[in-house]
Amino acid sequence: MATRPADHGRAGTLATMTSPGTRALLEQIATGPGSHLPLGELLDACGERAFGLFLLIAVLPAFLPLPAGAGAISGPLVMLAGLQIALLAEHPWLPRWLQARPVARASIERFRQRLARPLGWLERYSRPRAEVLIDHPLGHIFGGLLLLVLGLLLSLPMPLTNYPFGLLLVVWAIALIERDGRLLAIVWLLGLLQIALVLVFFDQVAALVNAAISE
């Protein structure tokens, strides 16, 4: 289980990750000492923004030049975050092997640069508001269940879906980090729309998945 900052030996050096704004937070992570940082320590250092950062890191493979199958990495991590949010967890729980998983600062920097323009626009738009949607238990349960479904869809080998699902989840993560309940409500609606589109075109989606598996 991921420990809280006070329980970590190195947390004192990481507890200063309180920069306002998503871009500033990513820059602080990317430019810190050393080339890698254990995921558990990184989340512990971010306090109440840990779930938002975990979601950002979970979708990171969708925006990096990886071989096919990035969704198979991101999807289960998104589902893990969704399950814990639905169960009203206050802080992400990670198995020990995932706590120790190193996060490359260079990967965070590439991610930050690739999404610099949309992140900048979203940050200008976002601000703490309608926080009841973020803090209310029903919001946690609904959002967590929606993340479970979106993570499952992301993990399926459907061509050309990494970016649409990934961008939606990036905006979701920003809404959590910025505590913007209005933006979160928009993301919920877009998530439901994505799920509806998959259901409407289920036969075509199933054919694409079968073709991808058989290759």
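This briefing describes the overall composition of a protein model and the salt bridges within it. The model is predicted. Its 215 residues include a buried share of 49%, and the secondary structure comprises 13 helices and two strands. The structure contains four salt bridges, among them a pairing of R129 with D180 and a network that joins E131, D135 and R179.

**Overall composition**

- Of the 215 residues in the protein, 49% are buried.
- Among contacts with a separation of 6 or more, 79% are between residues 24 or more positions apart.

**The R129–D180 salt bridge**

- Side chains of opposite charge can pair when their charged atoms come close.
- R129 and D180 form a salt bridge in which the closest N and O atoms are 2.9 Å apart.
- R129 belongs to the loop between α8 (116-125) and α9 (132-135), while D180 belongs to the loop between α11 (162-178) and α12 (181-200), so this pair ties together parts that lie 51 residues apart in sequence.
- R129 and D180 are both buried.

**The R179–E131 salt bridge**

- R179 and E131 meet through their side chains in a salt bridge, with an N to O distance of 2.6 Å.
- Because R179 is in the loop between α11 and α12 and E131 is in the loop between α8 and α9, the pair ties together parts that are 48 residues apart in sequence.
- R179 has a relative accessible area of 18% and is therefore classed as buried, the cut-off being under 20%.
- E131 is partly exposed, its relative accessible area being 30%.

- D135 forms a salt bridge with R179, and the closest N and O atoms are 2.6 Å apart.
- D135 is located in helix α9 and R179 in the loop between α11 and α12, so the pair ties together parts that are 44 residues apart in sequence.
- D135 is partly exposed, with a relative accessible area of 45%.
- E131, D135 and R179 form one network, joined by salt bridges that share partners.

Technical notes
Residues are numbered from 1 along each chain as its sequence is written. This is a predicted model: local features need pLDDT of at least 70, side-chain atom pairs count only at pLDDT 80 or more; totals for chains, interfaces and linings use all residues. Side-chain values use heavy atoms; hydrogens and water are left out. Helices (H or I, at least four residues) and strands (E, at least two) are DSSP runs, numbered from the N terminus. Buried means under 20% relative accessible area, exposed over 50%, partly exposed in between (1.4 Å probe, protein chains only). Contact means heavy atoms within 4.5 Å.
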